[in-house]
Amino acid sequence: MCAKCFMLVALSCAVALQQPALRTCGTTRRTAVQMKGKGSRGMPKKGFMQPGQTVNTGLKQKMAKKDFFDAKEWVAVAKLDEIDAPGSTKAVAAGRAPGKLGASGFEEGAEFIWCLIRGEPSESDSSGEGGMQKVFAVDGSCRSCRFPMTAASWAREADGRNSLTCSFCGTKYCLEDGEVLEFMPKSNPVQWAAALANEQNGPQRMASLPTHVSKSGRVYLRLPDNTLQ
């Protein structure tokens with residue numbers, strides 16, 4: 001056998017002995033895809049942190065601050081020294097109802113009146129912002145009898161929550177979430193009269209808006225979504 005024929009036979013044997021590396025049963029093997037941030041819940045750095053390291057929350061705080069100032073629903077309504085002690089109240093106007101066509105043309109909606117109350121942080125308040133600078137914003141009038149809430153009485157309940165009691169009908173509300181704690185107690189003649197006129201409407205939760213007190217002492221409240229300004 002000549003040298004050239006011998007080389008061809010050897011090359012054919014080598015090719016026959018090779019195992020297929022790229023294809024099996026007609027399918028191409030692909031490298032497994034590795035996801036970024038796997039096991040880090042979307043936080044790029046957390047997946048590669050070493051024991052003892054902590055996540056830098058500076059960016060998160062900056063983003064929260066930017067969201068606060070960019071949100072048009074946040075409105076400055078007062079200064080903290082205008083409600084300088086727990087129980088102090090102040091009526092403020094912020095936002096308005098949608099307008100409508102009237103007999104004389106288009107009529108703007110009425111302004112919403114809110115009641116600011118200086119309170120104290122409750123035990124469940126984990127924000128810790130401002131210490132004693134806790135301010136609540138609720139409906140300007142009682143949901144049960146429509147009496148102004150600026151005349152209501154503030155108190156700290158046994159469970160640590162802040163409450164506000166209407167001075168006319170006696171209905172008590174939780175300032176944290178607007179829950180009715182006591183409805184038309186009828187403990188005196190005035191409350192009896194208020195109950196006769198309004199009790200059939202039943203207890204209604206009071207609106208309680210998110211608030212923010214800046215370092216400079218400005219009080220902001222966040223209007224409900226889609227409220228006109």
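Tyr173 stands opposite Val180, a residue of strand β12. The model is predicted.

Both strands belong to an open sheet of 4 strands, ordered β9-β10-β11-β12 and paired in the antiparallel sense. At its edges are β9 (153-156) and β12 (180-182), each of which pairs on one side only. On average, neighbouring strands of this sheet are turned by 30° against each other, direction ignored. Strands of a sheet pair through backbone hydrogen bonds, in either a parallel or an antiparallel sense.

**Ser163 within the sheet**

Strand β10 (residues 162-165) contains Ser163. Is Ser163 buried or exposed? Ser163 counts as buried because its relative accessibility is 1%, and the cut-off for buried is under 20%. Its side chain makes a polar contact of 2.6 Å with the side chain of Glu157. With neighbours within four places in sequence left aside, the residues in contact with Ser163 are Ser153, Trp154, Ala155, Glu157, Lys172, Tyr173, Leu175 and Leu181.

**Pairings of β15**

Strand β15 (residues 218-222) runs antiparallel to β3 (residues 74-79), and 5 bridges join the two. Within this pairing, Ala76 has Tyr220 in β15 as its bridge partner. Strand β15 also runs antiparallel to β14 (residues 211-213), here with 3 bridges. The bridge partner of Val213 in β15 is Val219. Strands β14 and β15 form a hairpin with 4 residues between the strands. In this hairpin, Gly217 takes a positive phi near 90°.

**Aromatic pairs**

How many aromatic pairs does a search of the whole structure find? The search finds 2. The rings of Phe112 and Trp114 have planes at 55° and centres 6.1 Å apart, so this pair is tilted. Of its two members, Phe112 is partly exposed, whereas Trp114 is buried.

Phe147 and Phe168 form a stacked pair, with 5.3 Å from centre to centre and 20° between the planes. Phe147 lies in the loop between β8 (134-139) and β9, and Phe168 in the loop between β10 and β11, so the pair ties together parts that are 21 residues apart in sequence. Phe147 is partly exposed, and Phe168 is partly exposed as well.

| Residue | Relative accessible area | Class |
|---|---|---|
| Phe112 | 32% | partly exposed |
| Trp114 | 7% | buried |
| Phe147 | 31% | partly exposed |
| Phe168 | 30% | partly exposed |

**The chain as a whole**

The protein chain has 15 strands and 3 helices. Of its 229 residues, 28% are buried. The accessible surface comes to about 15800 Å², and carbon and sulfur atoms account for 55% of this surface. Among contacts between residues at least 6 apart in sequence, 51% join residues at least 24 apart.

Technical notes
Residues numbered from 1 in each chain as written. Predicted model: local features only at pLDDT ≥ 70, side-chain atom pairs only at ≥ 80, totals over all residues. Heavy atoms only, no water. Buried < 20%, exposed > 50% of the residue type's maximum accessible area, 1.4 Å probe, protein only. Contact = heavy atoms within 4.5 Å. Areas by Shrake-Rupley, 256 points an atom, 1.4 Å probe, with all protein chains shown as cover. Polar contact = N/O pair within 3.5 Å; in protein donor to acceptor, adjacent residues only side chain to side chain. Pairing = 2+ DSSP bridges. Axes fitted to C-alpha atoms, helices over the stretch in contact; angles between N-to-C directions. Phe/Tyr/Trp six-rings, centres within 6.5 Å; stacked < 30°, edge-to-face > 60°.
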